[in-house]
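Hello,

Here is the structure I promised to pass on to you. Please open it next to this email and look up each residue as you read.

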Amino acid sequence: MTSGDIPPGTDSAVRPDPAVRPGSAVRLDAPEPSWAIDAEVALVGSGVAGLTAALRCAAAGLRTVIVTKALLDDGSTRWAQGGIAAALGEGDTPEQHRDDTLVAGAGLCDENAVHTLVTEGPDAVRRLIASGAVFDPDEDGDGIALTREGGHHRRRIAHAGGDATGAEISRALVEAVRTVQREGTAAGGTIETIEHALVLDLLKDAGGNTAGVSLHVMGEGRHDGVGAVHAPAVVLATGGMGQIFSATTNPAVSTGDGVALALRAGAQISDLEFVQFHPTVLYLGPDAEGQQPLISEAVRGEGAKLVDADGERFMVGRHELAELAPRDIVAKGIMRRCQEQGAEHMYLDGRHFGARMWQERFPTILAACRTHGFDPVTEPIPVAPAAHYASGGVRTDLDGRTTVPGLYACGEVACTGVHGANRLASNSLLEGLVFAERIAADLTADFRAGRLRAGAPVTDRAVVQLPAAELRTAIQRTMTEGAGVLRSAASLAAAARRLAALRPPAGSAGSAVPVVPAGPRSADGAGCGPAEPGTQTWETANLLLVAEVLVRAATEREETRGCHWREDFPDRDDGQWRRHLVATLDHSADRTGSARPVLRTTGSTAFPPVRTTHPAATEQPATEQTGTEPLGTEPLGTEQHSATDTRSAPGRSTDARAADHAAAQE
């Protein structure tokens with residue numbers, strides 16, 4: 001058993017994580033908040049996860065604040081094309097959905113988390129429909145049209161507007177939030193929104209419990225500048241981190257803010273090395289950067305074929321599902337064919353669809369292709385893999401709790417154990433929906449029982465100095481070259497060196513240390529001092545931190561599994577690596593804000609219970625090892641966690657928690 005793991009059969013009573021101490025947190029260099037509002041729950045993010053959690057919390061009578069980086073409907077959810085997966089069709093079952101999810105996850109899924117997803121998913125989708133989301137009807141008009149995507153053996157993907165599912169879900173949820181803001185809820189809950197706000201750091205009280213968040217409002221609305229939301233519960237739903245790469249399907253707001261905040265707050269991060277590269281992104285040239293047009297997996301689900309420049313299908317024979325294999329396998333197939341032929345991209349051929357099907361089933365994709373000079377009706381379109389989805393993130397239990405008391409996470413920012421080493425197509429919207437509802441149920445029960453309280457925020461935390469904003473491009477190019485689809489020890493070592501050179505020198509703690517103006521920088525991006533606080537430098541600091549932890553994790557995992565492809569370790573190694581890498585920041589040596597990522601391994605594919613405690617609890621910190629030694633200095637665990645571990649909250653049975661969950665839906 002590795003240090004820090006919980007032994008098999010250990011009761012899931014929640015205890016303080018000894019690795020999370022009141023002083024074990026740092027913060028970005030930023031002005032002190034000049035204004036504050038109070039809430040019971042602060043939700044950061046406005047995609048399907050954040051909005052669902054907010055609506056459920058408000059319905060339960062909680063005062064809820066949504067903090068979102070742009071407009072309420074401007075998160076990653078609205079970019080989702082394909083749909084939402086659930087066992088809704090005739091002949092389909094949660095067990096079949098589970099099996100497809102486990103296969104796609106390449107041996108690293110937590111089976112309890114997958115079971116939760118697939119069994120609670122169908123009803124969660126029905127509640128989403130009851131909230132106002134309209135999905136495309138089937139041919140008879142009395143059911144939902146279901147399509148198929150990569151890795152699925154059944155048609156179970158519900159879609160809206162042809163290829164605009166995310167936009168419809170976002171529309172419905174935003175409209176429901178606006179209704180609550182106008183009319184309130186029967187239980188007296190409220191929702192306040194703060195738009196154009198970049199979250200900065202988690203606020204903690206003297207006992208290390210969550211006390212809210214600090215944020216910067218970018219000149220819009222009734223708040224401005226750096227402020228705070230004081231709340232004993234914070235839910236991170238900030239989406240992904242695709243902007244650490246040069247080319248991504250993620251919007252510009254996806255800069256890893258939630259993962260970076262959680263790391264600075266002392267939370268555990270898991271599986272960050274598993275970044276899914278979507279196999280079919282419209283190829284716009286070798287110098288294309290920023291958000292790239294996605295060609296949904298649903299296009300292949302409807303029969304489009306992957307071909308090379310000679311028109312030959314190259315996925316046939318590589319996998320039983322050919323073009324509909326799990327995404328990691330298709331992405332690798334494309335890259336291998338590119339290597340064989342010295343090509344930069346392959347082609348997706350959907351000409352046989354005809355103009356009408358393209359216009360009715362995939363209008364968004366058709367418009368994007370034509371905008372860039374390609375017409376899928378008359379020609380194969382060029383495609384190549386690009387960064388798409390983070391399978392790892394902030395480690396949580398089945399109720400969304402992280403290892404910091406009062407801090408929750410759901411959606412892409414979280415690592416629930418559902419996705420393992422590779423996400424199954426269209427499971428992301430479902431995960432955000434299901435686990436957001438579970439968080440709301442958990443919070444509702446805890447507030448009603450008086451278990452969530454927080455003291456005044458403390459500000460005596462070491463300050464992380466900021467890199468210059470112009471280093472963002474250097475970070476992205478470094479990650480694309482060294483930690484992209486293809487990785488090796490040499491490429492990752494080079495990436496680690498370049499990223500370290502971009503890090504500003506650490507100063508001493510707090511405001512007593514003057515900020516050194518950024519000076520001229522060398523050709524490789526290294527500079528002479530930290531930059532001034534501001535939106536761009538805060539985002540760049542988040543990108544740099546997440547990139548460094550990802551590179552460290554990718555370096556340690558010496559195998560190829562799921563969407564982690566090591567050219568120097570081309571095989572999957574279950575004996576050594578069928579387990580999770582868990583990262584934290586170690587900044588205990590000094591108070592300068594300098595921190596290094598520290599990794600350990602779990603003893604099996606199961607996630608141990610999250611060991612946090614609510615502020616009202618009286619347990620003393622457990623006297624056990626923290627697991628903060630560097631990975632190479634500890635043995636790899638081989639013990640299996642109990643198959644019956646439900647990761648439930650302390651002192652409450654599974655039946656009681658199920659009742660709480662049901663009550664929260666009413």
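Below are my notes on what was found, grouped by topic.

**Before you start**

This is a predicted model, in which local features need pLDDT of at least 70 and side-chain atom pairs count only at pLDDT 80 or more, while totals for chains, interfaces and linings use all residues. Residues are numbered from 1 along each chain as its sequence is written, and side-chain values use heavy atoms, with hydrogens and water left out.

Two terms come up throughout. A residue is called buried under 20% relative accessible area, exposed over 50%, and partly exposed in between (1.4 Å probe, protein chains only). Helices (H or I, at least four residues) and strands (E, at least two) are DSSP runs, numbered from the N terminus.

**Aromatic rings**

To describe a pair of aromatic rings, one gives the distance of the centres and the angle of the planes. Rings of Phe, Tyr and Trp (its six-membered ring) pair if their centres lie within 6.5 Å; planes under 30 degrees apart are stacked, over 60 edge-to-face, and the rest tilted. With this rule, the count is 4 aromatic pairs. One of them joins Phe353 and Trp358: the ring centres are 5.4 Å apart and the planes stand at 45 degrees, so this pair is tilted. Both partners are tucked away, Phe353 being buried at 11% relative accessible area and Trp358 buried at 1%. Ring pairs also bring in Phe362, which forms a cluster with Phe353 and Trp358.

A charge can sit over a ring too, if NZ of Lys or CZ of Arg is within 6 Å of the ring centre and within 35 degrees of the ring normal. Look for Arg423, which lies over the face of Tyr389 at 4.1 Å from the ring centre.

**Cysteines and a glycine**

How many disulfides are there? The count is 0, where a disulfide means a pair of cysteine sulfur atoms within 2.5 Å. Take Cys410: the closest cysteine sulfur is in Cys57, 9.4 Å away, which is too far for a bond. Cys410 is buried, at 1% relative accessibility, and Cys369 is buried as well, at 0%.

In sequence Gly432 and Cys410 are 22 residues apart, but in space their C-alpha atoms are 5.9 Å apart. Gly432 lies in helix H10 (residues 427–448) and is buried, with 0% relative accessibility. Leaving out residues up to four places away in sequence, Gly432 touches Val48, Ala49 and Gly411; touching, or contact, means heavy atoms within 4.5 Å.

**A hairpin**

Is strand E9 (residues 197–204) enclosed or open? Of its 8 residues, 8 are buried, so E9 is largely enclosed by the rest of the structure. E9 pairs with strand E10 (residues 210–217) in the antiparallel sense over 7 bridges; strands pair if DSSP finds at least two bridges between them. Across this pairing, Asp201 stands opposite Ser214 in E10. The hairpin has 5 residues between the strands, and there Gly208 takes a positive phi near 85 degrees.

**Salt bridges**

Side chains of opposite charge can pair when their charged atoms come close. A salt bridge here is a side-chain nitrogen of Lys or Arg within 4 Å of a carboxyl oxygen of Asp or Glu.

- Arg126 and Asp123 meet at 2.7 Å, N to O. Both lie in helix H3 (residues 111–130), 3 residues apart, about one turn of the helix. Arg126 is partly exposed at 44%, and Asp123 is partly exposed at 41%.
- Glu302 and Arg155 meet at 3.9 Å, N to O. This pair links distant parts of the chain, 147 residues apart, with Glu302 in the loop between helix H6 (297–301) and strand E17 (305–307) and Arg155 in the loop between strands E6 (146–147) and E7 (157–158).
- Glu340 and Arg318 have their closest N and O atoms 3.7 Å apart. Glu340 is in helix H7 (residues 327–341), and Arg318 is in the loop between E17 and H7. Glu340 is exposed at 53%, whereas Arg318 is partly exposed at 32%.

Finally, salt bridges that share partners join Glu273, Arg557, Glu559, Arg561, Arg572 and Asp574 into one network.

Happy exploring!
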